[in-house]
Structures are given as C-alpha cells and as structure tokens.
Amino acid sequence: MHWSNLFIPTLRENPTEAEVVSHQLLLRAGYIRPLAAGLYSYLFLAQRSLRKIAQIIREEMDAIGAQEFYLPEMHPAELWRESGRWEMMGDNLFRLKDRWGRDMCLGFTEEEVMTSIARSEVRSYKQLPQIWYQIQTKFRDEPRPKSGLLRVREFIMKDSYSFDLDEAGLDVSYQKHHHAYCRIFDRCGLQYLVVEAHSGAMGGSQSHEFAIPSDAGEDWIAVCAGCGYSANLEKAESRPMPPAASDPDLEAKPEKFATPNRKTIAEVSEFVGLPDSSQIKSLVMVAGDKPLLVLLRGDHQLSETKLASAAGGEVRPAHPEEIRAWFGAGAGSLGPIGITNMEILADEALRGRRNMICGANEDDFHLRHVTPGQNFQARFLDLRAAAAGDGCIRCGATLDLKKCIEIGHIFKLGYRYSQSMGARVLNAEGHEVTPIMGSYGIGLERILTSAVEQGHDKDGMCLPPSIAPFDVVVTPVNFNDDAQRRAAESIYTQCRAAGLDALLDDRDERPGVKFKDADLIGVPFRINVGKKLPQGVVEVVTRRARQSSDVPLAEAARAVLERKTA
RNA sequence: CGGGGCGUGGCGCAGCCCGGUAGCGCACCUGCCUUGGGCGCAGGGGGUCGGAGGUUCAAAUCCUCUCGCCCCGACCA
C-alpha cells in the first residue's frame, strides 16, 4: 500500500490522558482513537494488527479441532436467569430492554448461549467431545475503564467452550487448550507466564492464567525463581518468613494491660517494643449474614479470595457498629479470647506460636501471653496473601511478586452450566448424564497492548512481525528523485511478490519525518532507498535491534524475508 | 461508590489568583526553498473558552449546578 493514500494519523506529542506506554503509543501511532470512556475506535493499523492476531488464534484453535461459530451478542435475559448469572453479574452486565419491554443483555461471555445450543442439539455421548469457539466483541460495564485498551467496556475476545462426557475427557480438552494457548502466545512473540489461578466463585476445579509481566498490569503473580512455581496472588500459597522475634518461652496466662489510644498493629508494636509478627491481627468479616473472626499474624495481609473460598461465598468487612455490638469494643482492640458468638478462623502461620499479643475486646486494652490453640480454639487454614520474600511452598526458594497483564485464562467449569441449564446426553449404557464443560478466553486487544508494553523504545513500538500491521516499509529518502522513486516502487513490488505485507512511503516528506513515523508505528523492517542507490545498494534496517545492513537492490525483499523468519 | 486532577482551534499548553478586544508551539492551507532523523522563509484559515444558570456596564476569568475525561482506591469467572 502507498502511505500517501492511507489514514495513519500520527501525533508528535503524547495526549495527556494517556499514562501507560502502550496507551500513549497506540494513540500517537494512529492505531486507535477514543470515543468514550472504555470505548475505542480501532483505526486502520490496529485493525490490521488485530486481524493478524485473530488469524493466529484461529489457526491454532482449528489445529486442536475446535470449531468457530458466530453467535448473537444480544441475549435474552431468560437464558441468563437460568444460569443464575442475571442476578449474579450486577452492574457489570450491560442490560437493555427491547420495544416490548423484554429484558436483554449484551454478551459478557457465551456460556449460556453455547450451553443452550448443546442442550438442544447434543443427544449422545457419540457426539462428544465438542469444542466450540467464537472471536467476537464482548461488553462489560466496567466501573473504571483504564489504561487504554487494557480495561475497556467493549473488546474482542476469543472464547471457547468444551463439552465432554466425563472428567477424563475434560482433562484432554483442557490440555489441548493449554497447548494451543502456548502456541498462540509464542507465535505472537510474547514472553508470558503460565500461572495457577483461582477458579472463581463459579465453581470449577482447575484454572490457569496466561500472564504478561508488565507494570501496566493489574494482576499480582507470585513467581518462584527456584522451581518455577507461579500462581495468581489470589491463589498463591507460600511459607511465611519466620517471625521477626522468637516467642517468649514461658508458661503464662493471658494478661491484660493498658494500651491507651493504640489501635493499629503498628501503634501497639511500637508501644510494647515488639515487632508486628508478635501480634495477632483480628479482622471481623461477614459471609452472607454470618460473622467470622479472622486471625492473622500481625505483619500478614488477608486474602479475601481465600477467605471467600473457605466461607463458601462472598465476604465483606464488618461495619464499625456491627463490631461494637458483637465485641463490645472497637476494631483496634479485638481478639479471640472469650469469643463464642462466631466462628474463629486462624491462618496457618499462627499454628504453634506462643505468648502473642492481641486485643482484649475492651477499648484501650490488649492481652499478652496469648497462645493459639491453648487460650482459644480456631479452625486453622491458609488465609493470608503471599508476600514478596516469602518462601516457595514447593521448594522453599524466595518468592517474587510481579505485576502482570492477564491475556488468557483456561478454566475447568465442571457442571455449573450444563447442570443448571439442563444439558443431558445418553452415555454408552443408555443412561442420561450431564456433560462436563470447560471455558477458555483470550483478550485480543490485550495481546496487542502487551506486545507494545514488551516491545517499545523512545521512538515508538517494536512489534513482532507476526502481529505488526506491516512487515516492511520501503522508504525512498527523497521521493522527488526519480531514480529513488522507481527503485522504491520496484522493491515494493518485489516485497509483495515475496509475500510480505509491504508499505511504500511515497509521501513527499523530509526523510526525518518518514523515519520517525516508521519507527513510531513499529513496522519491523525498513528498506531505505537513498544515496547508495547509484552503487545499486539499499539499506535493510531492523526496527527492534536498530541494525542496518547494505544489500544489493535486487536482494532487498529476500533479505527482509530472511530476517523475518530468522 | 469514596478521594484527587483536568476541560481554552486537530494535538500540547498559557491566560483565570487580581473581570475589560482570546494567545503561543506543533499540525493544517498557499507560495518559495530544502531532501539521510519530526528543515527554512513568507502569507493564511480555523476557537459557542465542556454545558446551563447567576453576579456585573462587562465573564475564559467570580458564584451555583451539571456533563465529560484522567489518576488513586473500592470493584472486577
């Protein structure tokens, strides 16, 4: 294509609203323009890149026997009521009414639609397994869209769904997806982690997340440098660092002492001259309408996800009035001793500890010499969030926390949807059974965004050739020079004949402008046709490495092809 | 939903405190010039100052309300 005819509105300066690099560059390079909060128009370059990403995904999904569908993105509420998600999704679901007043919603994911097709058409185990997918727009009414294309209200997702007769079959479908996802992200030129993930409130037994380490990300991933264990912080287990001070070795009874105006862990620590890890942190949470007293080591943080799993549902912090009513004291003076009106859950890190400090359930008083399991009883389980510096649960090496972008998620759904929506097949014995499902998502824009986050420099993007909008740009340094122009045209034709996505920068601009623009939009290779032309030589420049080499005119296209596939 | 910030030509900003003819850089158009990293010179077009109401002889500027956007937090299979 000829650049002079294209709409590639590059900007010299960064728009102020953009903070993360990928957002700035996608705007500056003329890939996208904002329409409203969390809604972007994908201009020519973005669309080309997304099409390449979609094609890679399509090829790899097809390779595992998945079948592409095209589904409605506007759904009747009835389907969502059947699965229970109409109520569960809350404000995140885009809802609307048709002219007859019937409730509708915009596609969030497609479990309901896929399951409804399966239940009405799939009758026999002989038809299983099935893997169905789509690459379409999804809608989520995010409370806070942010970071360019990273968190938006309308985006493109590849989501697939597997239907199997039994768990062994689901394992196979899951592994196929795991494999396909690795192929997809490899081909997109991304460096990613495969991490154990929380399977969520929707049930499900196993889940992995594909994560791109990046400061722009919103997920925290715990990574072990020793054995490679990695898990989403919502799920990660760890061995805590030992307490900063050893427990006093003495037989003593809990003893009340005054702590005037000391409410926080830090204030009490300073007052008693002991580290945070010598204290018991007491949090009051509410699951449904049931209060829970949650105990952690003073320097640890609660993982609400782990607590929710333990409690079997969503949890929230108790309100100050509730705490006052249940404990007779404020939040700064709580402890487990004497508490009989609610269940007490204690983090594993408190097991075996002795003579610790906790609140006395009386304002401005604490207790010392409190020994878990002796002075109070509790259910011990893993409740704390892993922290950087903790030991790996598998090998003991030090865990690191990395911020990541979640680009893909695979998920054993189990019977959640097939059960509630009544999908049934006959098995080999002629008995009616419920098929087991998996669901598997990839965010297309997040692949592009991650590629920019991982590949950029001060001049712009350095996109991997597989997903860049063009492979190569041919740049005659002086387009008014007839010889250069003719040579550039001929090289451009050569490139196209070689199967390269080529762009000819035929604009009557100064060389600096052309070079800057080419760097900005991230085309992986550039062929400069300039002052060496009289010797029959042009330059092939690799964007990412900023390497330039002289090649004979006739070999320019082949040189790019070699570098692209290298 | 809580906290903070910002809305002035396509983009980046100044002007606002202390009311008095709306400005700068880039981009855009015309001409000349120039051609290896966002040239140079000259001329030119383009703005309901987010919106509504109020105060005032007079509002981009002061007051009230409102809308939008960004950031932090909460939220987020």
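**Exercises on strands, helices and a buried serine**

Strand β19 is joined by 3 bridges to strand β20 (residues 365–370), and the two run antiparallel. This is a predicted model in which local features need pLDDT of at least 70 and side-chain atom pairs count only at pLDDT 80 or more. Residues are numbered from 1 along each chain as its sequence is written, and side-chain values use heavy atoms, leaving out hydrogens and water.

**Exercise 1.** Describe how helix α1 (residues 21–28) packs with helix α11 (residues 444–454).

Solution. First take the angle, about 100°, and the distance between the axes, 8 Å. Then classify: angles of 65 to 115 degrees count as roughly perpendicular, and α1 and α11 are therefore roughly perpendicular to each other. Finally, with contact meaning heavy atoms within 4.5 Å, name the residues: V21, S22, L25 and L26 of α1 meet L448, T449, V452 and E453 of α11.

**Exercise 2.** Decide whether S160 is buried or exposed, and find its side-chain partner.

Solution. S160 lies in strand β8 (residues 154–164). Buried means under 20% relative accessible area and exposed over 50%, so S160, at 0%, counts as buried. Its side chain makes a polar contact (a pair of N or O atoms within 3.5 Å, one able to donate a hydrogen and the other to accept it) of 2.8 Å with the side chain of H177.

Methods
Chains are lettered from A and ligands numbered from 1 in the order in which they are written. Axes are lines fitted to C-alpha atoms, for helices over the stretch in contact, and angles run from 0 to 180 degrees between N-to-C directions. Helices (H or I, at least four residues) and strands (E, at least two) are DSSP runs, numbered from the N terminus. Angles under 35 degrees count as roughly parallel, over 145 as roughly antiparallel, 65 to 115 as roughly perpendicular and the rest as oblique. Buried means under 20% relative accessible area, exposed over 50%, partly exposed in between (1.4 Å probe, protein chains only). Two strands pair if DSSP finds at least two bridges between them.
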